Amino acid sequence: RRAPGKLGRMPTVIRTARPSDADPVADLIAQLGNSSEGTDGVGPRIAQMADTPSDTVLVAEVDGRVVGMVSLHVTPYFNRGTTRGRVTALVVDEAVRGQGIGRQLLAAVEDAARARGCVEAELTSAAHRLDAHRFYLNAGYKGHPHRFRKLL
């Protein structure tokens, strides 16, 4: 018998998001703790950014259910003369975390970044997300503790 929330050994399919994924993707974004910020207009954003030269949105699907998502934005860096892939969101449904879905999403988005000419990947994670920090460090990311932001 499966534990509640566990998906067992069902295969995970990583695919490009579709506008019809808007509701489960919005639910995932809400799990990041941003309240409703970012969940409005998810369908149109998916339609605009799911698969372009500068952006991608991927979802993880298990047994027909979207259980994770990751998004990427490609940024050229003038001072280095290179292109960097920025993971702008990565979330796995809290009911199924710890089953390798996040690793699969991260690998897929890194492949998407390489395919778009990126030589480096970067991301940010809120200071209180210690489990996420361990996850990223274990995936080979290095910590850079200073980030500055200003609302315009």
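Where is the place of aspartate 21? Before I come to that residue, let me say that this is a predicted model, in which local features need pLDDT of at least 70 and side-chain atom pairs count only at pLDDT 80 or more, while totals for chains, interfaces and linings use all residues. Residues are numbered from 1 along each chain as its sequence is written, and side-chain values use heavy atoms, with hydrogens and water left out.

Aspartate 21 lies in the loop between β1 and α1 (22-30), where helices (H or I, at least four residues) and strands (E, at least two) are DSSP runs numbered from the N terminus. Aspartate 21 is buried, with a relative accessible area of 5%; buried means under 20%, with a 1.4 Å probe and protein chains only. Not counting residues up to four places away in sequence, aspartate 21 touches Arg15, Ile46, Val59 and Val66, contact meaning heavy atoms within 4.5 Å.

Now to the sheet, which is open and mixed in its pairing, with five strands in the order β1-β2-β3-β4-β5; two strands pair if DSSP finds at least two bridges between them. Because β1 (12-16) and β5 (120-123) stand at the edges, each with a single partner strand, one side of each is left without a neighbour in the sheet. Strand β4 (residues 82-92) runs parallel to β5 and is joined to β5 by four bridges, and arginine 86 has glutamate 122 in β5 as its bridge partner.

Finally, valine 70, in strand β3 (residues 65-77), is buried with a relative accessible area of 0%. Leaving aside neighbours within four places in sequence, valine 70 is in contact with residues including Val57, Leu90 and Val109.

Definitions and conventions
Buried means under 20% relative accessible area, exposed over 50%, partly exposed in between (1.4 Å probe, protein chains only).
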